[in-house]
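Subject: Model for your review

Hello,

The model you asked about is below. My notes on the sheets, the helices and the ligand follow it.

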Amino acid sequence: MRPLFKRGVSFAHQMVTDHCKVRVFGPFSGFTVIGSLFAFLVAITCACLFVLPIFEPAIYTSEIPKPSGSNLMRTCNVFEGSWIPEESYPLYNASQCPFAERGFNCLANGRRDRGYTKWRWKPRHCDIPQFDVSAILEYLRGKRVVFVGDSLSRTQWESFICMLMTGVEDKRSVYEIYGNQITKQVRFLSVGFNSYNLKVDFYRSVFLAQPGPVPKHAPKRVKLTIRLDKLDDISKEWIDSDFLIFNSGHWWTPTKLFEMGCYFQLGGSLKLGMPIASAFKTALNTWASWVESNVNPNRTSVFFRTFESSHWSGRNRNSCKVTRRPSSKTHGRDKSSISDTIMKVAKQMAFPVRVLHVTPMGAFRSDAHVGPWSNNPSVPDCSHWCLPGVPDMWNEILFSYMLSKNGEIFQ
Ligand SMILES: *[C@@H]1O[C@H](CO)[C@@H](O)[C@H](O)[C@H]1NC(C)=O
Ligand SMILES: *[C@@H]1O[C@H](CO)[C@@H](O)[C@H](O)[C@H]1NC(C)=O
């Protein structure tokens, strides 16, 4: 804290001298008492403007955060913090949860070390309330929770169900309503908690935007298009819900798009040269207008999870070395242009969307990926996470938002 604080002060000082000097101390010739008073006032205002936001963190660290409901909790950035050991974790055994898919159950797939299951995320300025399964099950009675996105969304959905199932006595009362199996391609899964009249659904929509057929006269390499101005046509099934949790990001890569013959389309025209970053932004804006014109903010809370850090390494970013312990440095993985776009778009919306900014916390967890312990050990996986593991923490944060009045617990 100290070096940062010092840097802050010197930065502020520099700002004051650079910006204010010209205006305040410039007209020295007409020096009068009133003039100097005025100059003093401007200098103070200027100094305050620049210094105040920098002092803020220092104020927070000097006070011990109080339990929920206090002002300090409300200003806590829950996504800024560190992982600390937690003996009581994990929260469930994936082998006893029929909704944790085999590919994510690392222990069942031969992983020997278990240390990676014993870390808890600790926000710097507050605490995430302890997971209280009966409270959350009671709260979710009669509700519908919908996860939408790619396989990382499916992982969170699986973790969500496994966590809740630890509080359900009769495990057979929790089942996939249509008898579907969890697979990579399945577009829709709905798990009912019978005794709670609760439904937890997953919709696979990796781009959120609508895939479309190839327009006439398109070059041969075009096999599929993503219609950036249209939301996925299953989106109408998401509206009638109490919680909507979105993600998208891992599919917006040249390998998953252009190399597969997938190109962008806007209206009737193909956008062959459109950069992925601007396509993602366009799709997110389409998503934002869809939310604003279809979702009722009085009924539905909307969340968007940011990019889930992956830990590929090597020159071609194709080797995957899972470590035994979380890394102490993020090596830049705490930043993501995908996440930046998500936060920017969400901020501009009139609809109150909560961004689950999981990028920084995941960046430390080089120990928590599936690695070779998937159902296909010949293809190591440094994108997905073992269950139990990191996605449980996303859900603990989600549960905290749900249980706190108006989600006021964190900023
Ligand atoms: C999880 O459950 C399975 C099957 O009941 C059991 O064999 C295994 O030891 C358990 N794992 C842990 C980490 O407790
Ligand atoms: C939500 O509630 C507010 C206040 O009760 C009301 O003014 C508004 O019309 C409602 N919005 C919708 C979409 O129902």
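For residue classes, Ala, Val, Leu, Ile, Met, Phe, Trp, Tyr, Cys and Pro count as nonpolar, Asp, Glu, Lys and Arg as charged, and the others, Gly among them, as polar. This is a predicted model, in which local features need pLDDT of at least 70, side-chain atom pairs count only at pLDDT 80 or more, and totals for chains, interfaces and linings use all residues. Residues are numbered from 1 along each chain as its sequence is written, while chains are lettered from A and ligands numbered from 1 in the order in which they are written.

Ligand: Asn93, Ser95, Gln96 and Leu107 surround ligand 1 (near means a C-beta atom, placed from the backbone, within 6 Å). The shell around ligand 1 has three polar residues, one nonpolar and no charged ones.

Seven-stranded sheet: this open sheet has the strand order 4-5-6-3-9-12-15 with mixed pairing. Strands (E, at least two residues) and helices (H or I, at least four) are DSSP runs numbered from the N terminus, and two strands pair if DSSP finds at least two bridges between them. Strand 4 (174–176) and strand 15 (353–356) are at the edges with a single partner strand each, so one side of each has no neighbour in the sheet. Strand 12 (residues 301–305) pairs with strand 15 in the parallel sense over four bridges; Phe304 has Val355 in strand 15 as its bridge partner. Helix 9 (residues 390–403) lies across strand 9 (243–246), strand 12 and strand 15, at about 155° to strand 15. Axes are lines fitted to C-alpha atoms, for helices over the stretch in contact, and angles run from 0 to 180 degrees between N-to-C directions.

Four-stranded sheet: the order is 7-8-10-11, again open and with mixed pairing. Strand 10 (residues 262–266) and strand 11 run antiparallel and are joined by three bridges, with Phe264 opposite Lys271 in strand 11. Helix 6 lies across strand 7, strand 8 (224–231) and strand 10, at about 40° to strand 8.

Helix pair: the axes of helix 6 (residues 276–294) and helix 7 (residues 337–347) come within 10 Å and cross at roughly 30°. That makes the two helices roughly parallel (under 35 degrees; over 145 is roughly antiparallel, 65 to 115 roughly perpendicular, the rest oblique). The contact (C-beta atoms, placed from the backbone, within 7 Å) includes Phe280 and Leu284 of helix 6 and Ile338 and Val345 of helix 7. By class, this contact has seven nonpolar, three polar and one charged residues.

Regards

Definitions and conventions
Contact = placed C-beta atoms within 7 Å.
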